[in-house]
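Reader: Please take me through some labels in this structure. I want the cut-off behind each one.

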Amino acid sequence: AIGKNGTIYVATKNTITAFNPTDGLQIWSKSGSASFLSNFSSSPIIDYVDGKEIVYTIDTQPTILSSTPKISAFYGSDGTKKWESAFSLDAKGLVPITGMLIGAEQNGARIIYVGLSDNRVYAIRDKGSSGELEWKQFPDGSLWYSNRIKANNSLSSANGMTLRNNTLFVSTRDGGDGQVLAIRALRVSTPNLPTGAPR
């Protein structure tokens, strides 16, 4: 992901790192919440609010029995954590399979959307000092991701979602061999992506 000033944010298996676009030097790096068990298996997404860059990540632990994904918000300037919120899904090894997406409500509030490997779309509200699970929804179909299994039991992430005019469009794949492809539309409270966020 690339910020407004060109800062490059990279999610590796265990860390999120910011690089200077001019010389490629590391600006800051943060480990996941569970050290070597953590897996930043989705690209970060960037927002820009009141002159500050916000970097959202999702950190999962795909190799343990009970999955506890953590959504975190960092300040892009120095990597200071704005907040971290965990939501236990009481299921084994859930990881993101759609990538993350951010939407803006009319009053400026932000909601982060992500599809996890339990085939549900999750909406997490940024409440300023914390993140709160707003809702989760099974979109009447299995979320579609390209490469099913990768090394270390992690799933690859694809985008798979887009937001336009208060509608979250989600791609699904069903049928016995996954031969039925569909686009599902979920009505949401966020009209579109934030206008000030980097594209």
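Author: Start with burial: buried means under 20% relative accessible area, exposed over 50%, and partly exposed in between (1.4 Å probe, protein chains only). This is a predicted model, where local features need pLDDT of at least 70, side-chain atom pairs count only at pLDDT 80 or more, and totals for chains, interfaces and linings use all residues. Residues are numbered from 1 along each chain as its sequence is written, and side-chain values use heavy atoms, without hydrogens and water.

Reader: What makes Lys82 and Asp126 a salt bridge?

Author: A salt bridge needs a side-chain nitrogen of Lys or Arg within 4 Å of a carboxyl oxygen of Asp or Glu. For Lys82 and Asp126 the N to O value is 3.0 Å, so the pair meets the definition. The two residues are 44 apart in the chain, with Lys82 in strand E7 and Asp126 in strand E10. Strands here are DSSP runs (E, at least two residues), numbered from the N terminus.

Reader: Which class does Lys82 fall into?

Author: Lys82 has 22% relative accessibility, so it counts as partly exposed.

Reader: How do you know that Glu84 and Lys70 form a salt bridge?

Author: Their closest N and O atoms are 3.8 Å apart. The limit is 4 Å, so the pair qualifies. Lys70 is at 19% and therefore counts as buried. Glu84 is at 35% and therefore counts as partly exposed. Salt bridges that share partners join Lys70, Lys81 and Glu84 into one network.

Reader: How many salt bridges are there in the whole structure?

Author: Seven. One of them joins Asp47 and Arg110, with the closest N and O atoms 2.6 Å apart. Both Asp47 and Arg110 are buried.

Reader: Why is Ile2 called exposed?

Author: Its relative accessible area is 54%. Exposed means over 50%, so Ile2 is exposed. Ile2 lies in the segment before strand E1.

Reader: What makes a nonpolar core, and which residues have the most contacts inside the largest one?

Author: A nonpolar core is a set of buried Ala, Val, Leu, Ile, Met, Phe, Trp, Tyr and Cys residues joined through side-chain atoms within 4.5 Å. The largest has 14 residues, and those with the most contacts inside it are Ile45, Tyr56, Ile58, Ile71, Met100 and Val114. Another core, of 13 residues, lies apart from it and includes Val121 and Leu186.

Key:
Helices (H or I, at least four residues) and strands (E, at least two) are DSSP runs, numbered from the N terminus.
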